[in-house]
Amino acid sequence: MTWIRQLQTLLCSLLLLFAPEVFGRTNARRTANEASLYSDADNVIMLDIGSLRPVLNLHTNKLVQFLNTFCGDCQRFAPVYKGLARDLYKWRRLLRFYAVDCAQERNAELCRVFSVRQTPSLRFFGPDTEKMQKFLGSVIPTQDPKFITAVLADLLGQYEYAADVANFRHLTPNDTAETVFRDHQKLDSPVKYIALVLQPKKAYIGRDTLLDLLPFKEVAVRIVPDAQIFANFGLVPTSESLAIIDRGGNAQYLEPASNTSQDYANTVGDFLKKLNFKPDPPLPIVVATNDNEFLDQRNKAVLAEVLKPPLKIYRADLEQAIDKILHNELHKYFFFQGGNDLALHNVMKALMYLNPLNKDGRELVSRVYRSTQRRLDKGSEFKQLIESEEKNLKVFKAKRYIGCIGTRPLLRSFTCSLWTLFHHWTVEAAKKPQQFQPGNILNTIHGFVRYFFGCSDCSKHFQEMANRRNMSQVKTSDEEILWLWEAHNEVNQRIAGDPITEDPQFPKIQFPSKENCPHCRNNNSEWRKDEVLKYLKHLYDIKNVSFYGLPTSQGYD
Ligand SMILES: Cc1cc2nc3c(=O)[nH]c(=O)nc-3n(C[C@H](O)[C@H](O)[C@H](O)COP(=O)(O)OP(=O)(O)OC[C@H]3O[C@@H](n4cnc5c(N)ncnc54)[C@H](O)[C@@H]3O)c2cc1C
């Protein structure tokens, strides 16, 4: 098939390091209530740095989705992946579904090693992966479930399996009832019948019938490339294309309603059901848990506080954004080269001079900034640097998002905190004495979003918007603040009302609302940019950022 050639096989010359880490930071560990896009009930098992390698060594096929829970595209793809895993549950003798969340700090290294540059990223691993320690999987470059199914069917058909599991090899002119049952001679073999499917050249009906009949362990399907082979089984070759033989060598043609694998499988299935053989049951449907119970008492109190007007910005959110940037996003690359090195340096410089963290946080950033001014080649070096410099410092105290709290799992949080940090940077950079040339902060944001932001879709849109909205033409710091405000509003407009990513308690609006800034619009509801600028400068100013949600009001000294 032509599309199979499009599969990009990633073979990497890098040594995989899979020893589970000893985690020092609480944020790195898996928590019992960690929000996840999938569960075992979806036929999707979540893996992490400790469990991926053993799974890849299993002698079966594996489809692994690398994702970032905070990325809207991954959230939108989740129902598709769940649907696929449910539909293809019938193939579970041959294929298992998995997912790895690269947004979890403990998996950052894993995702770096697997060169996960885009999410969601589907990687296929065949049953022989344990021999190929450096194999990073075959990328399935689509999110279309039909296309994915077709690619998977093709890939599954390329491997050899134990005889009772599946056999995609075509029959030869020498095969007879005796030779085909020879594979199923073990006493515990469940196979009682063999279905013979005539498969014309360049067709896949035999392969697809085999896959459709996997839930019936009593039947093995064999592909017949030439109708004359039916004669070896005592059948007269005619226009018939589906036959079944029992262990006694008795053969008969079956008559499917049409020449589709579905009808072939139904016909064989009906034959077996009449003999009281039942297929394995489909994946049970589990009633979804009630998301209303997602918010605990503490978070309910936070929500009530945050919804009280006027709108405020919270240090806890700025801290969470920086925490994730330092511990997760910035060391995703194997090597710093070709642009991401400069982007890294710029982010560290912005953090250095526009740092909303506490004293220890400023110390940490300044040490790391000094080191990044020297040459830093690898993501792993950056990770080690952060870990060693952070020892004995008490930097990150925020335990939860505050202004960026979501009322359902996976909503808001990191992406919200990132916007908050970006707006805060543009406002702080406009203050005197100016540490940055006008436009530098936008450039830094652009570099981060381009190279490090784990939301591929967001990154693509942002880069396109930067070109279209002439980001590089920004001449003053005030223009810089307003450029980001308008760009953010464009994103708000594009994704407003999205049932998957929008939090109903925080609908996407053209910001700021009339309630929060009555003067920001004129009587014709047009923006008064001077007022918007004044409002943004007030809202995002470090002096007005709330301590609410941090352990004590002295959380930052
Ligand atoms: C750079 C970037 C690009 C993104 N692109 C996409 C995308 O293409 N597709 C997608 O699905 N998701 C995208 N996202 C995520 C998305 O924008 C939201 O962050 C996410 O849906 C969470 O929304 P939220 O309700 O928390 O508000 P957010 O949009 O995250 O905003 C956070 C807070 O900022 C304030 N705010 C809102 N608008 C403005 C404004 N114009 N100016 C100043 N402050 C404002 C509000 O207080 C709001 O609560 C992107 C995120 C980032 C950081």
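**Lys332**

I began with Lys332 and found it buried, with a relative accessible area of 5%; buried means under 20% relative accessible area, exposed over 50% and partly exposed in between, with a 1.4 Å probe and protein chains only. The model is predicted, so local features need pLDDT of at least 70 and side-chain atom pairs pLDDT 80 or more, while totals for chains, interfaces and linings use all residues. I number residues from 1 along each chain as its sequence is written, and side-chain values use heavy atoms, with hydrogens and water left out.

Lys332 sits in the loop between α9 (315–329) and α10; helices (H or I, at least four residues) and strands (E, at least two) are DSSP runs numbered from the N terminus. I saw its side chain make a polar contact with the side chain of Glu329 at 3.0 Å. A polar contact is a pair of N or O atoms within 3.5 Å; within protein, one must be able to donate a hydrogen and the other to accept it, and residues adjacent in sequence count only if both atoms are side-chain atoms. Leaving aside neighbours within four places in sequence, I listed the contacts (heavy atoms within 4.5 Å) of Lys332: Asn68, Cys102, Arg112, Arg117, Phe452 and Gly454.

**Asn358**

Next I looked up Asn358, in the loop between α10 (340–353) and α11 (359–373). Asn358 counts as buried because its relative accessibility is 4%. A polar atom of its side chain lies 3.0 Å from the backbone oxygen of Lys394.

**Helix α7**

I then checked α7 (residues 261–274): its 14 residues should span 20 Å at 1.5 Å a residue, and the end C-alpha atoms are 20 Å apart, so the two agree. The expected span is 1.5 Å times one less than the number of residues. Among the buried residues of α7 I noted Tyr264, Val268, Phe271 and Leu272. The buried residues of α7 pack against β7 (193–198), α6 (205–212), β8 (219–224), β9 (242–246) and β10 (251–253). Just after α7, Asn276 takes a positive phi of about 70°.

**Ligand shell**

Which residues come nearest to the ligand? Of the 24 around it, they are Arg412, Trp419, His488, Arg494 and Tyr540. I found an N or O atom in the side chain of Arg494 at 2.5 Å from a ligand oxygen. Polar side-chain atoms of Asn489 and Asn492 each lie 3.0 Å from a nitrogen atom of the ligand. I also noted that α16 gives the largest share of the shell, seven residues.

Methods. Near = heavy atom within 4 Å.
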